[in-house]
Amino acid sequence: MPDFDLIMYESEFRRIEEELKKLHQQSNSKLVFLVDKNGQLIASAGDSSDMDTTSLASLTAGNIAATGGIARLLGEKEFSLIFHEGERDNIHISLIGQRVILVVIFDNRSSIGLVRLRVKKASEGLLRIFDEINRKSEEKKQAKTFDDSPFAEITDEDIDNLFR
Amino acid sequence: MSFINYSSREINCKIVYYGPGLCGKTTNLQFIYRRTNPEQKGKLISLATETERTLFFDFLPLALGEIKGFRVRFHLYTVPGQVFYAASRKLILKGVDGVVFVADSQLERMDANMESIDDLKINLGEQGYELDKLPFIIQYNKRDLANIIPLEELNREINPNGVTWYEAVATKGPGVFETLKGVAKMVLMELKKNY
């Protein structure tokens with residue numbers, strides 16, 4: 001397999017949430033969220049009650065994937081940043097460590113300069129956390145010590161129940 | 001590549017519907033969308049052209065229920081089937097956990113089926129996957145039409161390795177949920193093997 005499955009534990013998840021909360025406050029943005037490159041929402045900070053974050057996550061990942069495709073056609077490894085400007089809201093999308101996508105939605109209470117500055121800072125912190133997550137799941141995979149794995153006892157009946 | 005979150009107790013898996021243009025990939029997702037309870041589904045997103053041909057992908061998030069206290073979510077994607085969208089197709093396969101190949105049963109679409117399954121193998125290969133090692137099933141769609149190829153022939157041509165297959169009529173529903181359930185089972189069993 002080209003990638004490892006992403007396995008998130010409580011402690012790292014809390015640290016990611018903290019980092020996003022800090023970015024949300026310091027960048028004066030509306031909503032901050034983190035997406036796996038495959039389109040799965042990892043965590044968010046800010047008011048997402050009236051936003052369809054699942055769809056946002058999937059479309060953002062599609063956007064990054066398409067931009068990456070364009071980059072490679074131009075001989076670039078990747079474009080690490082995308083910015084869309086709207087009449088009311090703007091969206092700043094950046095790639096962190098080739099693995100996750102950091103998305104900041106902001107309006108005129110913030111500015112692109114401030115967002116870029118804060119995103120840069122937050123990216124460093126997030127990168128460290130994800131390095132740790134990768135190391136941890138790699139260790140557990142090698143040692144086959146997944147505590148409390150939901151899959152250990154999974155039966156055909158469990159799966160059938162999902163489709164009732 | 002699944003995402004298992006022990007903190008929020010969620011498992012997320014990505015399933016891609018692949019196949020030649022107009023074979024019924026989007027129709028599969030539309031039927032699943034119509035027949036799923038509102039609380040179990042998100043929005044069905046279609047990035048399509050004005051003539052309703054898939055341009056980039058369709059996306060349907062499903063949260064079907066829980067297994068051992070973990071909420072199981074499947075993210076269903078389709079690829080654009082038309083030949084010239086090859087670059088986009090490749091991108092959708094990134095991080096895939098399971099593949100459904102939707103074959104068009106009509107006689108005149110046999111070449112398109114073969115071309116598409118070769119394209120699938122090549123595109124998976126470029127992402128570092130092998131089709132034989134991935135949860136993979138085949139759906140023979142449009143079984144209600146008159147000019148269809150017999151199943152034995154379809155299996156001989158498209159399915160030499162004898163993977164699980166289903167007959168379907170995606171416009172009306174038969175076989176659609178069976179296919180989804182079939183691939184979901186394989187994906188979860190694959191996770192069981194690894195964790």
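**Conventions.** I number residues from 1 along each chain as its sequence is written, with chains lettered from A and ligands numbered from 1 in the order in which they are written. Because the model is predicted, local features need pLDDT of at least 70 and side-chain atom pairs count only at pLDDT 80 or more, while totals for chains, interfaces and linings use all residues.

**Chain B overall.** I counted 5 helices and 8 strands in chain B; these are DSSP runs numbered from the N terminus, H or I of at least four residues for helices and E of at least two for strands. From the N terminus on, I read the elements of chain B as β-β-α-β-β-β-α-β-α-β-α-β-α. The C-alpha trace of chain B spans about 50 × 30 × 30 Å along its principal axes. I compared the radius of gyration of chain B, 16 Å, with the value near 16 Å for a compact globule of 195 residues, and the two agree. That radius is taken over C-alpha atoms, and the globule rule is 2.2 Å times the number of residues to the power 0.38. Buried residues make up 50% of the 195 in chain B. Buried stands for 20 or more other C-beta atoms within 10 Å of a residue's own, exposed for 12 or fewer, and partly exposed for anything in between, with C-beta atoms placed from the backbone. Of the contacts in chain B with a separation of 6 or more, 69% are between residues 24 or more positions apart. A contact requires C-beta atoms, placed from the backbone, within 7 Å.

**Sheet in chain A.** I traced an open sheet of 5 strands in chain A, in the order 3-2-6-5-4 with antiparallel pairing. Its edge strands are strand 3 (41-46) and strand 4 (81-85), each pairing on one side only. Neighbouring strands of this sheet are turned by 15° against each other on average, direction ignored; the axes are lines fitted to C-alpha atoms, for helices over the stretch in contact, and angles run from 0 to 180 degrees between N-to-C directions. Strand 2 (residues 31-36) and strand 3 of chain A are antiparallel and joined by 5 bridges, where pairing needs at least two DSSP bridges. Phe33(A) stands opposite Ser44(A) in strand 3.

**Where the chains meet.** The contact takes 35 residues from chain A and 40 residues from chain B. On the side of chain A that touches chain B, helix 2 gives the most, with 8 residues. By class, that side of chain A has 17 nonpolar, 10 polar and 8 charged residues. Here Ala, Val, Leu, Ile, Met, Phe, Trp, Tyr, Cys and Pro count as nonpolar, Asp, Glu, Lys and Arg as charged, and the others, Gly among them, as polar. I also found 3 bridges joining strand 1 of chain A to strand 1 (residues 3-5) of chain B, running parallel. Ile7(A) stands opposite Ile4(B) there.

Of the 95 residues in the largest nonpolar core, Val35(A), Leu102(A), Val103(A) and Val16(B) touch the most other members. Such a core is a set of buried Ala, Val, Leu, Ile, Met, Phe, Trp, Tyr and Cys residues joined through C-beta atoms within 7 Å. Helix 5 (residues 176-194) of chain B gives the most to this core, with 8 residues. I placed Val119(A) in helix 3 (residues 112-143) of chain A. Val119(A) counts as buried because it has 23 C-beta neighbours inside 10 Å. Beyond four places in sequence, the contacts of Val119(A) include Leu23(A), His92(A) and Leu102(A).

Technical notes. Contact = placed C-beta atoms within 7 Å.
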